[in-house]
Amino acid sequence: MDNRKVGMWLYSNSGGEAIGQKIITKLKDRDIDVINNVNLRHTVVENSHIVHNGVNVDELDLFFSYNAGEQTQYQVYLYKILNELVPMINSYEAFAITEDKFYTSLLLNKAGIRTADFRLCHRDDTQELRKTIQTWEKMVYKPTDGWGGVGLTKIEDESTLDMLLPFLNQMDLRYFYVERFVKYDNSDFRVDIVDGQFVGCYGRKAGNGDWRTNITSGGSVFLREPNDEIIDIAIRASKACKTDIAGVDIIYDLERQEYVVLEVNGIPAFATPAQEKMGLTFNDKKIDLIVDLIDRKSKK
Ligand SMILES: Nc1ncnc2c1ncn2[C@@H]1O[C@H](COP(=O)(O)OP(=O)(O)O)[C@@H](O)[C@H]1O
Ligand SMILES: [Mg+2]
């Protein structure tokens, strides 16, 4: 019997290249060939085939898409179509959920998982925003498709909202998504889940004077053990968002005294070589679980 063939598109910076090679070697041991660097950006669709570099991507046994940095509209469009033709990790459905903070928060709430309180309203419904800031004290405006803490704006009172609205209106948004600002110690838990199983956890804390824990916003990573409740929340959050692979961001609400899921990331980075030296040792476990997953989902 011919080997199974799997397409992979994995980020190559920050140690990603070496991770990819390990995955390829381990899959080879299971008679699964990997076609690496299948960037949908470079595919052309010809009648019934989605072609990348002479390979019919639509005839692969699975496609593993793991590259957050370089996603274009064309790729996302093809992701959706390809998902109808071959098994994908993550599925397009999970990808679409985790790329959208509002969609994520809604599904988490429906699954009984605590998030920051949130509101979504039409761009002209500034009355709703006004009502919201009056009840919440402080809120955070978030682009629903953002990352790295970019574009998040803390709104402290009604006059800040009045100042901000003209700018938001200029941005040609269709809707506003806001969250209640959660009082917390400016640190979070990032919990990695693969195939419903706990892989690893670390903490991030915000840089001086910032309330966002993102590394790109000046935050830093530290070793942090999760408790059973945190692991349980992360597993349930991953399931609610239908992800095979997820990085779940959790903070502790000091006022309500409960854990809150801030977001579910569908392409959580592996530990970088520097982070591995620091003691984040979950990469091998994550690779093994991903290899198992690819093996299972690519079975004909
Ligand atoms: N509702 C909130 N209350 C308090 N802090 C928040 C809230 N939402 C986000 N943050 C802070 O901002 C950071 C970025 O928010 P997040 O929703 O994860 O967006 P991004 O996709 O940009 O990482 C979080 O890691 C957290 O530190
Ligand atoms: Mg985040």
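Two strands pair if DSSP finds at least two bridges between them. The views below come from a predicted model.

**View 1. Strands E3 and E4 form a hairpin.**
Strand E3 covers residues 43–46, and strand E4 covers residues 49–52. They pair in the antiparallel sense over 4 bridges. In this pairing, Thr43 stands opposite His52 in E4. Between the two strands lie 2 residues. Asn47 sits in the turn and has a positive phi of about 45°.

**View 2. Four strands build an open sheet.**
Read the strand order as E8-E11-E9-E10, with antiparallel pairing. Strand E8 (118–122) and strand E10 (153–155) stand at the edges. Each has a single partner strand, so one side of each is left without a neighbour in the sheet. On average, neighbouring strands of this sheet are turned by 30° against each other, direction ignored. The partner of E8 is strand E11, residues 175–180. E8 and E11 pair in the antiparallel sense over 5 bridges. Here Cys121 stands opposite Phe176 in E11. In a regular strand the side chains alternate between the two faces of the sheet.

**View 3. Trp211 lies in a loop.**
The loop runs between strand E13 (197–205) and strand E14 (220–222). A buried residue needs 20 or more, and an exposed one has 12 or fewer. Leaving aside residues up to four places away in sequence, Trp211 touches Lys154, Asn186 and Ala206. Look for Gly149 too: it is 62 residues from Trp211 along the chain, and their C-alpha atoms are separated by 9.8 Å.

**View 4. Helix H7 lines up its buried residues on one face.**
Helix H7 has 13 residues, 228–240. At 1.5 Å a residue, they should span 18 Å. The end C-alpha atoms of H7 are 18 Å apart, which agrees. Which residues of H7 are buried? They are Ile233, Ala234, Ala237, Ser238 and Ala240. Seen down the axis of H7, these buried residues fall within an arc of 160°, so they line one face of the helix. An α-helix has 3.6 residues a turn, so residues three or four places apart point the same way. Just after H7, Lys242 takes a positive phi of about 60°.

Definitions and conventions: Residues numbered from 1 in each chain as written. Chains lettered and ligands numbered in written order. Predicted model: local features only at pLDDT ≥ 70, side-chain atom pairs only at ≥ 80, totals over all residues. Axes fitted to C-alpha atoms, helices over the stretch in contact; angles between N-to-C directions. Contact = placed C-beta atoms within 7 Å. Expected span 1.5 Å × (residues − 1). Buried ≥ 20, exposed ≤ 12 C-beta atoms within 10 Å, placed from the backbone. Arc of directions from axis to C-beta.
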